[in-house]
Amino acid sequence: MSLEINFKDRVVLITGVSSGIGLGTAKEFARAGAHISGCSRKKEDEEKIQEFRQAVDNAGGQSLYTQADVTKDRDLKTLVKKTIQHFGRLDILVSSAGMNVFEGAAGCTEERWQYNIDLNLTSHWRLAKLCKPYLEQSSNGVILLMTSNHAYSTIPGCFPYNVTKTAITGLVRSLAIEWGPSIRTVGLAPGFIDTAGNDTWFESFPDALAERERTINLHPVKCIGTVEEVGSLCVYLASPLARFISGTTVLMDGGRSALMQDTE
Ligand SMILES: NC(=O)c1ccc[n+]([C@@H]2O[C@H](COP(=O)([O-])OP(=O)(O)OC[C@H]3O[C@@H](n4cnc5c(N)ncnc54)[C@H](OP(=O)(O)O)[C@@H]3O)[C@@H](O)[C@H]2O)c1
């Protein structure tokens with residue numbers, strides 16, 4: 001089997017296409033020939049949504065955009081309904097929308113906790129359930145859930161995020177064993193990826209550039225990841241080449257977790 005991956009005529013639903021990993025992943029699936037249904041909370045006419053639509057359309061696929069808040073069940077139902085009405089099928093779900101919630105375990109309010117659970121955990125389960133009947137009709141039904149290296153080790157003050165990202169690895173296992181063989185479910189756990197969000201993180205230090213260099217040096221590969229690299233991994237994991245990968249989460253962190261933190 002060659003390494004060529006062709007998703008022509010396949011339909012991929014991706015959440016969080018207005019920036020970062022979701023947008024990069026949409027571009028990589030589009031390069032592989034897929035049609036993409038994307039969502040975020042942004043309005044259709046915003047620049048980032050135009051970037052998403054153009055990338056897909058220029059690659060020869062069809063794009064569909066839905067303004068949707070993934071924490072709202074009603075929005076998720078509309079998103080899936082619109083996708084099916086427009087394309088008539090669904091082959092792959094990449095549930096990526098999420099956001100870091102920086103709170104400590106003692107200080108986190110019930111409200112912030114619940115917001116984090118709704119966004120970073122419950123939304124993935126709800127959307128997967130809504131997509132299930134359509135993915136089962138595909139000859140290549142795949143669910144990819146975006147977790148994080150925080151599922152394996154974390155930092156102080158990142159309490160609710162790390163809890164939900166760890167829980168997603170359990171969700172991946174449950175869906176894989178309950179919904180296989182018609183649907184494969186795989187988790188992706190990116191480490192430090194070069195995104196606007198992480199730029200903001202660097203900028204919270206007195207010398208952003210120095211902090212960026214320090215972070216890069218903590219990685220055995222001496223770089224941080226790109227959204228295109230995460231997208232390419234998604235494309236591979238969703239392809240028939242990854243037929244034997246299910247119920248597990250793939251960590252891509254440039255070797256960061258292999259290095260003891262006190263060896264810097
Ligand atoms: N960047 C990293 O280093 C990294 C590492 C590991 C894991 N991750 C994970 O990768 C995923 C994407 O992260 P990112 O870094 O690409 O973040 P990002 O650039 O902030 O993008 C987040 C995306 O999610 C969307 N989103 C957020 N809340 C939403 C909601 N309630 N409803 C619908 N869409 C929503 C955002 O769109 P709107 O704000 O326009 O709604 C945006 O499109 C997250 O699950 C994150 O935890 C990121």
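Me: Where is K27 found?
Reply: In this predicted model, K27 is found in helix α1.

Me: Why does K27 count as partly exposed?
Reply: The relative accessibility of K27 is 25%. Buried means under 20% and exposed means over 50%, with partly exposed in between. The value of 25% falls between these limits, so K27 counts as partly exposed.

Me: What makes the approach of K27 and E51 a polar contact?
Reply: The side chains of K27 and E51 are joined at 2.7 Å. A polar contact needs a pair of N or O atoms within 3.5 Å, one able to donate a hydrogen and the other to accept it. The distance of 2.7 Å lies within that limit, so the pair qualifies on distance.

Me: Which residues does K27 touch, not counting those up to four places away in sequence?
Reply: K27 touches E51 and A55. As for L13, which is 14 residues apart from K27 along the chain, the two C-alpha atoms are separated by 12 Å.

Me: Which members of the largest nonpolar core touch the most other members?
Reply: They are F29, I36 and L144, in a core of 32 residues. Elements that each supply at least two residues of this core include β1 (11-15), α1 (20-31), α2 (47-58) and β5 (141-146). Helix α8 (227-238) is also one of them, and the largest share, seven residues, comes from α8.

Me: What is I36 in contact with, leaving aside its neighbours within four places in sequence?
Reply: The contacts of I36 include V12, I14, F29, F52, L64 and F87. Q62 and S63 are also among them.

Me: How many residues does the other core have?
Reply: The other core has 27 residues and lies apart from the largest one. Among its members are L76, A97, C131 and L171.

Me: Is S95 buried or exposed?
Reply: S95, which lies in strand β4, has a relative accessibility of 2%. Buried means under 20%, so S95 counts as buried.

Me: What makes the approach of S95 and H124 a polar contact?
Reply: The side chains of S95 and H124 come to 2.7 Å. The limit for a pair of N or O atoms is 3.5 Å, so this distance is within it. Leaving aside neighbours within four places in sequence, S95 is in contact with T15, H124, L127, L144, L145 and M146. One of these, L144, belongs to the largest nonpolar core.

Me: Why is α6 called roughly perpendicular to α7?
Reply: Helix α6 (residues 196-203) and helix α7 (residues 208-217) pack at an angle of about 115°, with their axes 8 Å apart. Angles of 65 to 115 degrees count as roughly perpendicular, which makes α6 roughly perpendicular to α7.

Me: Which residues make this contact?
Reply: From α6 they are D199, F202 and E203, and from α7 they are A208, E211, R212 and T215. By class, the contact has two nonpolar, one polar and four charged residues.

Me: Why does H219 count as buried, and why does K222 count as partly exposed?
Reply: H219 lies in the loop between α7 and α8, and K222 has its place in that loop too. H219 has 3% relative accessibility, under the 20% limit, so it counts as buried. K222 has 47%, which lies between 20% and 50%, so it counts as partly exposed. Not counting residues up to four places away in sequence, H219 touches F192, I224, D253, G254 and R256.

Me: What is the phi of K222, and what is that of D9?
Reply: Phi of K222 is near 55°, a positive value in a residue other than glycine. D9, in the segment before β1, has a positive phi of about 70° and is not a glycine either. At 44% relative accessibility, D9 falls between 20% and 50%, so it counts as partly exposed.

Me: Where is T166, and why is it called partly exposed?
Reply: T166 lies in helix α5 (residues 159-179). Its relative accessible area is 33%, between 20% and 50%, so it is partly exposed. T166 and A151 are 15 residues apart in sequence and 4.0 Å apart in space, C-alpha to C-alpha.

Me: Which residues does a cis peptide bond join?
Reply: The cis peptide bond joins G180 and P181, with omega about 0°. P181 has its place in the loop between α5 and β6.

Methods: Residues are numbered from 1 along each chain as its sequence is written. This is a predicted model: local features need pLDDT of at least 70, side-chain atom pairs count only at pLDDT 80 or more; totals for chains, interfaces and linings use all residues. Side-chain values use heavy atoms; hydrogens and water are left out. A nonpolar core is a set of buried Ala, Val, Leu, Ile, Met, Phe, Trp, Tyr and Cys residues joined through side-chain atoms within 4.5 Å. Buried means under 20% relative accessible area, exposed over 50%, partly exposed in between (1.4 Å probe, protein chains only). Helices (H or I, at least four residues) and strands (E, at least two) are DSSP runs, numbered from the N terminus. Contact means heavy atoms within 4.5 Å. Axes are lines fitted to C-alpha atoms, for helices over the stretch in contact, and angles run from 0 to 180 degrees between N-to-C directions. Angles under 35 degrees count as roughly parallel, over 145 as roughly antiparallel, 65 to 115 as roughly perpendicular and the rest as oblique. Ala, Val, Leu, Ile, Met, Phe, Trp, Tyr, Cys and Pro count as nonpolar, Asp, Glu, Lys and Arg as charged, and the others, Gly among them, as polar.
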